[in-house]
Amino acid sequence: MLKQILIKLPRKLQKSDLLDSSGSDSGNHTSNSGNGVQCTNIGNSISSRLSVVKRVSSAVFPASIMVGVEAVEPYLSFTDVSILQKQSLFISKLNLCCEVSDFSDPDKTSAEQDLKHQTLIELVDFVSTGSAKFNEPAIAAMCKMCAVNLFRVFPPKYRSNSISGEVEDEEPMFDPSWSNLQLVYDLLLGFITYSSLDAKVAKKYVDHSFISRLLDLFDSEDPRERDCLKTILHRIYGKLMVHRPFVRKAVSNIIYRFVFETERHNGIAELLEIFGSIISGFAVPLKEEHKMFLWKALIPLHKPKLVGVYHQQLTFCVVQFIDKDPKLADSVIKGLLKYWPVTNSQKELMFISELEEVLEMTSMAEFLKIMVPLFRRIAFCLNSSHYQVAERTHLLWNNEHILNLVTHNRQVIFPLIFPALERNSENHWNQAVLNLTQSIKKMLCEMDEELVLACRQKMEEENSQSSEATEKRKLIWERLETAANVIPPAACPDLYVITIKRFRGTGFQAYVSATP
């Protein structure tokens with residue numbers, strides 16, 4: 001009786017039977033994983049060529065996502081499998097490329113490296129044709145492959161910190177594994193820009209940790225890698241909008257560390273280039289967070305010695321902010337004056353060029369707030385012994401907008417710059433600067449001749465007072481020297497008490513009195 005009952009029970013299929021039945025099924029049989037992911041089965045055309053079907057595993061991403069995903073042999077070509085199997089083959093090839101190759105020895109080329117390189121080429125072509133379907137298992141496999149191949153620690157920087165001008169003369173260093181890295185970056189870019197990519201699923205794998213490690217790669221010394229990263233990060237910012245605040249905060253932290261700690265980073269120019277387009281998309285009125293990025297990150301970027309490497313991108317970002325909110329011109333010019341170089345002439349030339357671009361977008365109301373300290377600095381630049389700095393400063397007067405601002409505020413500005421022009425006329429060594437100085441003086445006379453004469457008279461009075469103060473100071477020191485020679489201090493230490501006081505801000509007055 002018990003035996004008859006057991007015979008009637010359905011027999012449990014063995015694993016080999018299950019696989020054989022799935023291979024012989026002519027319909028579109030599907031199986032669901034724990035997360036509801038649809039997977040394709042193996043067709044009759046190549047069932048005899050496969051001896052084993054293996055499960056995809058993951059050491060980086062959740063293994064539960066990969067449950068039920070059957071992968072065919074990764075050595076097959078996409079043209080040798082059916083349409084139903086191409087997705088499984090795509091994932092298998094992604095997992096095959098998770099093996100990291102060693103390119104430290106240029107003479108060493110193994111069969112595994114060649115196989116991986118050829119597989120990456122096939123994957124790039126497959127994605128570019130639009131045949132890939134980025135469901136959750138494919139997204140997980142793609143992110144894992146990119147993480148394994150791209151995320152790495154760069155070797156210590158043994159380069160010297162010596163700076164020639166503002167840009168280091170050393171040749172860029174190129175990564176020996178770039179042939180494979182470029183293909184991985186092309187795959188990642190194709191994945192991010194894929195038209196049918198589900199951003200809600202992708203953001204689970206391209207998460208904050210993934211983006212942080214991607215940002216770390218901007219310190220690569222290979223300019224080709226930084227250029228790829230620039231494009232990819234910009235696409236991530238546009239595609240995965242939920243990560244935008246994190247990207248802005250992470251980039252701010254990189255800039256803070258560069259400005260206030262290390263002053264060494266290879267990717268500041270690329271990061272600023274990305275932010276140039278991001279800033280142009282900010283909504284008006286600007287959020288306080290965006291203004292803080294200008295005040296706390298962009299303006300302090302004028303401080304490092306290597307500002308010449310990224311100054312063009314930095315100027316573009318600053319101008320974009322002023323274009324969004326003209327009231328920010330005041331704080332930008334104050335920041336430039338705060339970090340204005342004193343001994344670095346090449347850096348000073350860059351500051352003058354940026355200042356001209358900012359002043360072109362400055363309104364009259366904002367100009368009134370900063371014109372006094374600004375033109376005090378311009379007066380110093382007019383007198384610069386470096387002829388390029390002096391010449392570039394004189395050329396500011398050729399800008400119509402700046403000239404209009406000066407004309408409307410000449411009562412304040414002329415007294416600040418006229419003494420500098422007079423000193424140039426008398427003392428400057430460069431003929432080109434002398435010619436420019438004469439042109440500006442003629443321009444000022446045409447604007448307001450009476451004011452120019454008043455400035456000249458005031459300057460002569462100040463020079464006269466300064467000469468008198470110099471003569472008095474000279475006489476005082478002569479009296480002190482005479483008194484010191486008559487009675488040596490060592491013989492009578494308490495005989496004289498010398499009191500030195502400030503004398504009208506121009507010198508010192510000394511009183512010599514005898515003690516009883």
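The model is predicted: local features need pLDDT of at least 70, side-chain atom pairs count only at pLDDT 80 or more, and totals for chains, interfaces and linings use all residues. Residues are numbered from 1 along each chain as its sequence is written, and side-chain values use heavy atoms, with hydrogens and water left out.

The chain holds 22 helices and 6 strands. Both are DSSP runs, numbered from the N terminus: helices are H or I with at least four residues, strands are E with at least two. Of the 516 residues in the chain, 44% are buried. Buried means under 20% relative accessible area, exposed means over 50%, and partly exposed lies in between (1.4 Å probe, protein chains only). Take the contacts between residues at least 6 apart in sequence: 69% of them join residues at least 24 apart. Contact here means heavy atoms within 4.5 Å.

Start with the core. The largest nonpolar core has 127 residues. Such a core is a set of buried Ala, Val, Leu, Ile, Met, Phe, Trp, Tyr and Cys residues joined through side-chain atoms within 4.5 Å. Phe-90, Phe-134 and Phe-191 have the most contacts inside the largest nonpolar core. Helix α6 (residues 136–150) gives the largest share of this core, 10 residues.

Phe-90 shows what such a position looks like. Beyond its neighbours within four places in sequence, Phe-90 is in contact with Phe-78, Leu-123, Phe-126, Val-127, Ala-132, Phe-134, Ala-138 and Met-142. Now look at Gln-87, in helix α4 (residues 83–96). Gln-87 is buried, with a relative accessible area of 13%. Its contacts, with neighbours within four places again set aside, are Ala-132, Lys-133, Asn-135 and Ala-138.

Next come two helix pairs. Helix α10 (residues 223–239) packs on α12 at an angle of about 30 degrees, with the axes 9 Å apart. Axes are lines fitted to C-alpha atoms, for helices over the stretch in contact, and angles run from 0 to 180 degrees between N-to-C directions. The two helices, α10 and α12, are therefore roughly parallel to each other. Angles under 35 degrees count as roughly parallel, over 145 as roughly antiparallel, 65 to 115 as roughly perpendicular and the rest as oblique. The crossing of α10 and α12 is right-handed. A crossing is right-handed if the near helix is turned clockwise from the far one by less than a right angle, and left-handed if anticlockwise. From α10, Arg-226, Lys-230, Leu-233, His-234 and Tyr-237 meet Glu-270, Leu-271, Glu-273, Ile-274, Ser-277 and Ile-278 of α12. By class, this contact of α10 with α12 has 5 nonpolar, 2 polar and 4 charged residues. Ala, Val, Leu, Ile, Met, Phe, Trp, Tyr, Cys and Pro count as nonpolar, Asp, Glu, Lys and Arg as charged, and the others, Gly among them, as polar.

The second pair is α11 (residues 244–262) and α13 (residues 288–298). Their axes come within 10 Å and cross at roughly 15 degrees. Helices α11 and α13 are therefore roughly parallel to each other. Their crossing is left-handed. On α11, the contact uses Arg-248, Ser-252, Ile-255, Tyr-256 and Phe-260; on α13, Glu-289, His-290, Phe-293, Lys-296 and Ala-297. The residues of this contact divide into 5 nonpolar, 2 polar and 3 charged.

The loops beside these helices deserve a look. Glu-263 sits in the loop between α11 and α12. Its phi is near 55 degrees, a positive value in a residue other than glycine. Glu-263 is partly exposed, at 29% relative accessible area. In the loop between α12 (268–280) and α13 lies Pro-285. A cis peptide bond joins Val-284 and Pro-285, with omega about 0 degrees.

Further along is helix α15 (residues 329–338). Seven of its 10 residues are buried, so α15 is largely enclosed by the rest of the structure. These are Ala-329, Asp-330, Val-332, Ile-333, Gly-335, Leu-336 and Leu-337. Their cover includes α13, α14 (307–324), α16 (345–360) and α17 (364–382).

Phe-351 belongs to α16. It is buried, with a relative accessible area of 0%. Not counting residues up to four places away in sequence, Phe-351 touches His-302, Leu-336, Tyr-339, Trp-340 and Pro-341. Leu-368, in α17, counts as partly exposed at 45% relative accessibility. The C-alpha atoms of Leu-368 and Asn-409 are separated by 8.3 Å, with the two residues 41 apart along the chain.
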